[in-house]
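This report goes through one chain, element by element. Have the sequence and the model open while reading.

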Amino acid sequence: RESYVRSLSSALQIGESMLQSGASALETVESVVRQLEDDALFNAGKGSVFAADGTHQLDASIMDGTTGATGAVASIRTVRHPITLARLVMTETSQVLIAGDGAESFADEVDVERVENSYFDTQHRYDSLQRALRSSGADEREPSGGSTVGCVVRDSQGNLAAATSTG
């Protein structure tokens with residue numbers, strides 16, 4: 001439990017620092033979620049749960065409360081920071097959601113950081129998958145900790161932004 005508190009406190013400090021420096025709600029929410037995507041404690045980015053086929057599929061969404069604009073990606077496999085790709089869906093396309101192979105192709109076009117799918121592996125998540133597979137293929141949901149991440153930010157101008165990321 002203490003490790004979760006430390007991780008969340010660190011993400012909060014990043015957000016606070018950005019806002020104190022005048023960053024927008026949208027910039028801040030993306031940065032905070034990127035930090036959480038890099039933390040193996042959570043089911044987002046590094047540390048995402050395994051699908052039954054032994055790979056990772058990641059989803060993320062972001063919304064700009066000022067404009068109502070939204071962007072999302074689903075079932076991506078090789079983008080290190082799904083939240084960044086979701087923001088690019090919002091800002092660079094007329095789409096709201098891009099999924100699967102289409103999202104991977106879009107990632108090629110916008111040149112976001114890519115990783116092998118195995119980058120998202122952790123021993124903890126692998127062990128959870130093995131337990132789930134042994135217990136008649138039930139899903140891997142765990143009742144405590146390690147879940148989807150999200151963030152809502154209000155900046156000094158009163159603008160809101162929200163983001164979420166999951167594996």
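Where is the place of Arg77?

## Arg77 and the basis of the model

Arg77 sits in the loop between strand 2 and helix 3 (82-92). Helices (H or I, at least four residues) and strands (E, at least two) are DSSP runs, numbered from the N terminus. The model is predicted, so local features need pLDDT of at least 70 and side-chain atom pairs count only at pLDDT 80 or more, while totals for chains, interfaces and linings use all residues. Residues are numbered from 1 along each chain as its sequence is written, and side-chain values use heavy atoms, with hydrogens and water left out.

Arg77 counts as partly exposed because its relative accessibility is 30%. On this scale, buried means under 20% relative accessible area, exposed over 50%, and partly exposed in between (1.4 Å probe, protein chains only). Leaving aside neighbours within four places in sequence, Arg77 is in contact with Asp53, Thr55, His56, Gln57, Leu58, Glu104, Asn117 and Phe120. Contact means heavy atoms within 4.5 Å. Val96 is 19 residues from Arg77 along the chain, and the C-alpha atoms of the two are separated by 19 Å.

The model has an open sheet of 5 strands, in the order 3-2-1-5-4, with mixed pairing. Two strands pair if DSSP finds at least two bridges between them. Strand 3 (97-99) and strand 4 (149-154) are the edge strands, each pairing on one side only. Direction ignored, neighbouring strands of this sheet are turned by 5° against each other on average.

Strand 1 (residues 58-64) and strand 5 (residues 160-166) run antiparallel and are joined by 6 bridges. Strand 1 also runs antiparallel to strand 2 (residues 70-76), with 5 bridges between the two. Ser61 has the bridge partner Ala72 in strand 2 and the bridge partner Thr164 in strand 5. Asp59 stands opposite Thr166 in strand 5. The covered face of strand 1 holds Leu58, Ala60, Ile62 and Asp64, and the uncovered face holds Asp59, Ser61 and Met63.

## Positive phi angles

Strand 1 and strand 2 form a hairpin with 5 residues between them. Gly68, in the turn, has a positive phi of about 80°. Ser75 lies in strand 2, and although Ser75 is not a glycine, its phi is positive, about 55°. Ser75 counts as partly exposed, at 30% relative accessibility.

Asp111 is a residue other than glycine with a positive phi, near 60°. Asp111 is found in the loop between helix 4 and helix 5 (123-134). Its relative accessibility is 67%, so Asp111 counts as exposed.

## Helix 1 and helix 2

Helix 1 (residues 2-20) and helix 2 (residues 25-37) have axes that come within 9 Å and cross at roughly 155°. Axes are lines fitted to C-alpha atoms, for helices over the stretch in contact, and angles run from 0 to 180 degrees between N-to-C directions. Helix 1 and helix 2 are therefore roughly antiparallel to each other. Angles under 35 degrees count as roughly parallel, over 145 as roughly antiparallel, 65 to 115 as roughly perpendicular and the rest as oblique.

On the side of helix 1, the residues making the contact include Ser7, Leu8 and Ser10; on the side of helix 2, they include Glu27, Thr28 and Ser31. By class, this contact has 7 nonpolar, 6 polar and 1 charged residues. Ala, Val, Leu, Ile, Met, Phe, Trp, Tyr, Cys and Pro count as nonpolar, Asp, Glu, Lys and Arg as charged, and the others, Gly among them, as polar.

How many of the residues of helix 3 are buried? The count is 8 of 11, and the helix is mostly covered. Among the buried residues are Pro82, Ile83 and Thr84. The cover includes helix 2, strand 1, strand 2, strand 3, helix 4 (100-110) and strand 5.

Helix 3 packs against helix 4 at an angle of about 80°, with the axes 11 Å apart, which means that helix 3 is roughly perpendicular to helix 4. Leu85, Leu88, Val89 and Glu92 of helix 3 meet Ala103, Phe106, Ala107 and Val110 of helix 4. This contact of helix 3 with helix 4 has 7 nonpolar, no polar and 1 charged residues. The axes of helix 2 and helix 3 come within 8 Å and cross at roughly 150°, so helix 2 is roughly antiparallel to helix 3. The residues of their contact divide into 5 nonpolar, 1 polar and 5 charged.
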